[in-house]
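Dear colleague,

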Amino acid sequence: EIIKGAVENYRRLRNTLRYLLGALDGYSPDEAVQPTDMPSLERWVLHRLAELDELVRSAYEEHDFKRIMAALLNFCSIDLSAVYFDIRKDSLYCDAPSDGRRRSARTVMAAILERLLGWLAPIMPFTTEEAFLMSVFADQADSVHLLQMSETPSSWKDADLAARWEKIFRVRRVVTGAIEVERREKRIRSSLEAAPKVFISDPDLMSAYESEAAEDIFITSQAELVSDAAPETAFRLPEESSVAVLPGQAAGIKCARSWKYFDPATADPEFPDVTARDAAAIREIRG
C-alpha cells in the first residue's frame, strides 16, 4: 500500500509536467503577457505560485521534504488539475493563437513549469531532468541541476484577489455538484450540455463574479446568476446555504470545434457549424 501510494503521487506530478510540456508546445517569450494585463484567474495562479515559493524554500531550509511533497501534490491535483487546467482547456485548445486570454494562460503555464522543475528537482531528479530537456527552458543550461530555483516576484501575491476567488470557488462547488447529479442520472453527458441558473443570496458571493464569465468558470455553455429566492427543487450543498442551482439544458446547437452550445444565428456564414469565436480562430490559423 505504501508503494502504491508513492506510485500514484509520482504519476500525478509526472502527468502535470507532461500536460504543461504539451500545452507549451511552440511557446516563446514573445508570447508572454504582463501580469497586469492578465485575466484575474491567471493572477490568482501567480498568487498561489508566490505562496508556494515561500513555503517550498522554507521547507528545504528545514529539510522538511514531506511538507514540500504535500503542498505540491495538493497544488497539482486541486489548484491545477481540478480548477485551472479544467477551466482554461477551452481557451488553450480553441482560442486564436493571438488571443490575449490564451497568451496569458500559456505565460502562466510557463511560470508554473519553470517553478515546478526547480522545486521538484532535488526530489525527482531524473523526471525533472527529462522534462527540463524537453521544455522551453532547455537552452538555459545543460541540466536542470545546474540552475537555481527561479525567483518569484513578491508582487504576484494578492490576498484580496485570492479572497475573491475563494468566494467564486464556493459557488462553483455547488454548480459542479448539481451538474454531477445530472450526469449521474444521464440527463446530460457533459457539463457543456448544461445551462445552470444559479441563485445566490449572499451579496458578497454575487459581487465576486463581477467582470467574470460564469459559464467559463463552471465549464458550461451558458450560465445565469440571479439573487432571487431559489425554488425548493434547486440543488444545494449543506455547507453552502447561500447558493442553489437549477442545472437546465443548454440551448442552441453544438459547436463542432469547442462542443459548446450556441445560437446558430450568431455563427459566421463561412463557418456555420462553429461559434463566432471558433470561426475567428480558424481563420487566423489558416491565414
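**A buried threonine**

At 13% relative accessibility, Thr-127 falls under the 20% cut-off and therefore counts as buried. Please bear in mind that the model is a predicted one. Thr-127 belongs to helix H5, which covers residues 125–134. Leaving aside residues up to four places away in sequence, Thr-127 touches Tyr-10, Arg-14 and Leu-17.

**The sheet**

Four strands form an open sheet in the order E2-E1-E4-E3, and their pairing is mixed. Strands E2 (224–226) and E3 (235–237) are at the edges, each pairing on one side only. From one strand to the next, the twist averages 25°. E3 pairs with strand E4 (residues 240–246) in the antiparallel sense, over 2 bridges. Phe-235 has Val-245 in E4 as its bridge partner. Helix H6 (residues 159–184) packs on the sheet and touches strand E1 (197–200), E3 and E4. The direction of H6 makes about 40° with that of E4.

**Helices H2 and H6**

H6 also packs with helix H2 (residues 40–61), at an angle of about 115° and with the axes 10 Å apart. The two helices are therefore roughly perpendicular to each other. H2 passes H6 in a left-handed crossing. On the H2 side, the contact is made by Ser-40, Leu-41, Arg-43, Trp-44 and His-47. H6 contributes Ala-159, Leu-161, Ala-162, Arg-164, Trp-165 and Phe-169. By class, this contact of H2 with H6 has 7 nonpolar, 2 polar and 2 charged residues.

With kind regards

How values were computed
Residues numbered from 1 in each chain as written. Predicted model: local features only at pLDDT ≥ 70, side-chain atom pairs only at ≥ 80, totals over all residues. Heavy atoms only, no water. Buried < 20%, exposed > 50% of the residue type's maximum accessible area, 1.4 Å probe, protein only. Contact = heavy atoms within 4.5 Å. Pairing = 2+ DSSP bridges. Axes fitted to C-alpha atoms, helices over the stretch in contact; angles between N-to-C directions. Parallel < 35°, antiparallel > 145°, perpendicular 65-115°, else oblique. Left-handed = near helix turned anticlockwise from the far one by under 90°. Nonpolar A, V, L, I, M, F, W, Y, C, P; charged D, E, K, R; others polar.
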